[in-house]
Amino acid sequence: MMLRLAVLFSALCASSCQLACPPIISPAKWGSRPAKCAAPLSKVPPGNVIIIHTSGSACHTQPECSELLRNIQVFHRDMKEWCDISYNFLIGEDGNVYEGRGWLLEGAHTYGYNDLSLGIAFIGNFTERSPNEAAWKTLKNLLTYAVQSGYLASDYLLMAHSDVSNTISPGKLIRETIKMWPHYKH
Ligand SMILES: *[C@@H]1O[C@H](CO)[C@@H](O)[C@H](O)[C@H]1NC(C)=O
């Protein structure tokens with residue numbers, strides 16, 4: 001019975017999103033307020049991915065992560081007076097992806113790259129530790145899914161925030177890991 005259900009679910013998953021099936025929590029689900037403004041990426045699909053960390057608290061459950069998202073949105077949208085939460089996507093250590101500005105809009109994370117990239121942020125401060133395995137697995141699935149779905153160029157370049165900006169983000173442990181991935185820009 002369990003096995004049959006598992007087979008059924010994986011078949012459903014395969015038909016709706018080919019191979020990788022990252023759990024993506026929509027803005028409505030995490031309690032987003034509407035963006036104040038929006039601009040499209042200059043090219044869809046974009047050819048760059050920038051990996052960031054939020055540098056604040058980490059989260060391990062969907063309610064906890066959703067609350068952090070709402071706080072980050074207040075900080076970016078209302079205090080910094082940007083259009084919206086600055087990232088395209090965020091990844092929690094609950095293994096979920098949280099949709100910020102999504103696949104098609106430019107973010108406000110990396111000066112000079114906002115209209116050319118997807119900014120993906122691990123939720124937490126990773127200067128002294130690496131994200132957990134659930135978060136890493138979710139990032140890999142999200143990138144695979146993005147290429148399969150045509151939201152990201154298949155020859156995309158992967159960069160750490162600190163490669164293109166004067167920042168500690170995403171921390172050297174994350175940077176050392178993504179440096180070993182095939183899309184990393186050397
Ligand atoms: C992140 O962690 C480092 C090391 O523990 C700390 O020095 C830094 O202040 C933290 N950053 C923030 C924004 O809390």
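Predicted model: local features only at pLDDT ≥ 70, side-chain atom pairs only at ≥ 80, totals over all residues.
Colleague: Why does glutamate 81 count as exposed?

Modeller: Glutamate 81 has 8 C-beta neighbours inside 10 Å. The limit for exposed is 12 or fewer, so glutamate 81 counts as exposed.

Colleague: And what makes serine 55 partly exposed?

Modeller: Serine 55 has 17 C-beta neighbours inside 10 Å. Buried needs 20 or more and exposed needs 12 or fewer, so serine 55 falls in between.

Colleague: Where do serine 55 and glutamate 81 lie?

Modeller: Serine 55 sits in the loop between β2 and α3. Glutamate 81 is in the loop between α3 and β3.

Colleague: Which residues are around the ligand?

Modeller: Ser55, Asn125, Thr127 and Glu128.

Colleague: Which residues of α3 are buried?

Modeller: Cys65, Ser66, Leu68, Leu69, Ile72, Gln73, His76 and Arg77.

Colleague: How do you know that they line one face of the helix?

Modeller: Look down the axis of α3: the buried residues fall within an arc of 160 degrees, so they line one face. The face turned away from them carries the exposed residues Pro63, Asp78 and Met79.

Colleague: What covers the buried residues of α3?

Modeller: The cover includes α2 (27-30), β3 (89-91) and β4 (97-99).

Colleague: What about α4? Which of its residues are buried?

Modeller: Ala135, Thr138, Leu139, Leu142, Leu143 and Ala146 are buried. They cover an arc of only 135 degrees around the axis, which puts them on the same side of α4. On the other side, Glu133 and Lys140 are exposed. The cover over the buried residues of α4 includes β2, β3, β4 and β5.

Colleague: How does the reach of α4 compare with the expected one?

Modeller: Helix α4 (residues 133-148) reaches 23 Å, close to the 22 Å expected for its 16 residues.

Colleague: On to the sheet. What is its strand order?

Modeller: The open sheet of six strands runs β1-β4-β3-β5-β2-β6, with mixed pairing.

Colleague: Why are β1 and β6 called edge strands?

Modeller: Each of them, β1 (24-25) and β6 (157-160), pairs on one side only.

Colleague: What makes β2 and β5 a pair?

Modeller: Two strands pair if there are at least two bridges between them. Six bridges join β2 (residues 48-53) to β5, so the two strands pair, and they run parallel. In that pairing, isoleucine 52 has alanine 121 of β5 as its bridge partner.

Colleague: How many bridges link β3 and β5?

Modeller: Three, again in the parallel sense. Isoleucine 91 stands opposite phenylalanine 122 in β5, and phenylalanine 89 stands opposite isoleucine 120.

Colleague: Why is β5 called mostly covered?

Modeller: Six of its six residues are buried. In a regular strand, side chains alternate between the two faces of the sheet. In β5, Ser117, Gly119 and Ala121 are buried on one side, and Leu118, Ile120 and Phe122 on the other.

Colleague: Last, which peptide bonds are cis?

Modeller: The bond from valine 44 to proline 45 is cis, with omega near 0 degrees. The bond from serine 169 to proline 170 is cis as well, with omega near 5 degrees. Most peptide bonds are trans. Proline 45 lies in the loop between α2 and β2. Proline 170 is in the loop between α5 (161-164) and α6 (172-178).

Key
Residues numbered from 1 in each chain as written. Near = placed C-beta within 6 Å. Helix = DSSP H or I, 4+ residues; strand = E, 2+ residues; numbered from the N terminus. Arc of directions from axis to C-beta. Contact = placed C-beta atoms within 7 Å. Expected span 1.5 Å × (residues − 1).
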